[in-house]
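Please keep the model in view while reading.

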Amino acid sequence: MTQFNKGDRVEYQGQDNQRHTGEIRRIQGKSPEAEYTVRDESTKAEEQVEERKIERSL
């Protein structure tokens, strides 16, 4: 089971090492190695984010 669910709004560390907020669109794998496809709220771009880079649910 994963820590976060599809549709959750989260704060995460992006590939640019900055904090971003977005919505989880897709989940691959299981905790703790799960990878999430997150759609950034400001840029609308989708990014692959490792579970350990997600800081919290909003």
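A residue is called buried under 20% relative accessible area, exposed over 50%, and partly exposed in between, with a 1.4 Å probe and protein chains only. The model is a predicted one, in which local features need pLDDT of at least 70 and side-chain atom pairs count only at pLDDT 80 or more, while totals for chains, interfaces and linings use all residues. Residues are numbered from 1 along each chain as its sequence is written, and side-chain values use heavy atoms, with hydrogens and water left out.

The protein contains five strands and zero helices, where strands (E, at least two residues) and helices (H or I, at least four) are DSSP runs numbered from the N terminus. Its order of elements is therefore β-β-β-β-β from the N terminus on. The radius of gyration, taken over C-alpha atoms, can be set against a globule rule of 2.2 Å times the number of residues to the power 0.38. For 58 residues a compact globule would have a value near 10 Å, and the protein agrees with its 10 Å. The C-alpha trace spans about 30 × 20 × 20 Å along its principal axes, and buried residues account for 31% of the 58 residues.

The charged side chains come next. A salt bridge is defined as a side-chain nitrogen of Lys or Arg within 4 Å of a carboxyl oxygen of Asp or Glu, and a search of the whole structure finds seven of them. One of these joins glutamate 11 and arginine 56, at 3.4 Å from N to O. The pair links distant parts of the chain, since glutamate 11 belongs to strand β1 (residues 9–13) and arginine 56 to strand β5 (residues 54–57), 45 residues apart. Glutamate 11 counts as buried at 12% relative accessibility, whereas arginine 56 is partly exposed at 44%.

A salt bridge also connects glutamate 55 with arginine 19, at 3.0 Å from N to O. Because glutamate 55 lies in strand β5 and arginine 19 in strand β2 (residues 19–28), this pair ties together parts 36 residues apart in sequence. Glutamate 55 is partly exposed at 36%, and arginine 19 counts as exposed at 62%.

Arginine 26 and glutamate 46 form a further salt bridge, at 3.9 Å from N to O. Arginine 26 lies in strand β2 and glutamate 46 in strand β4 (residues 46–50), so parts 20 residues apart in sequence are tied together. Both partners are partly exposed, arginine 26 at 46% and glutamate 46 at 43%. Salt bridges that share partners join Glu11, Arg19, Glu55 and Arg56 into one network.
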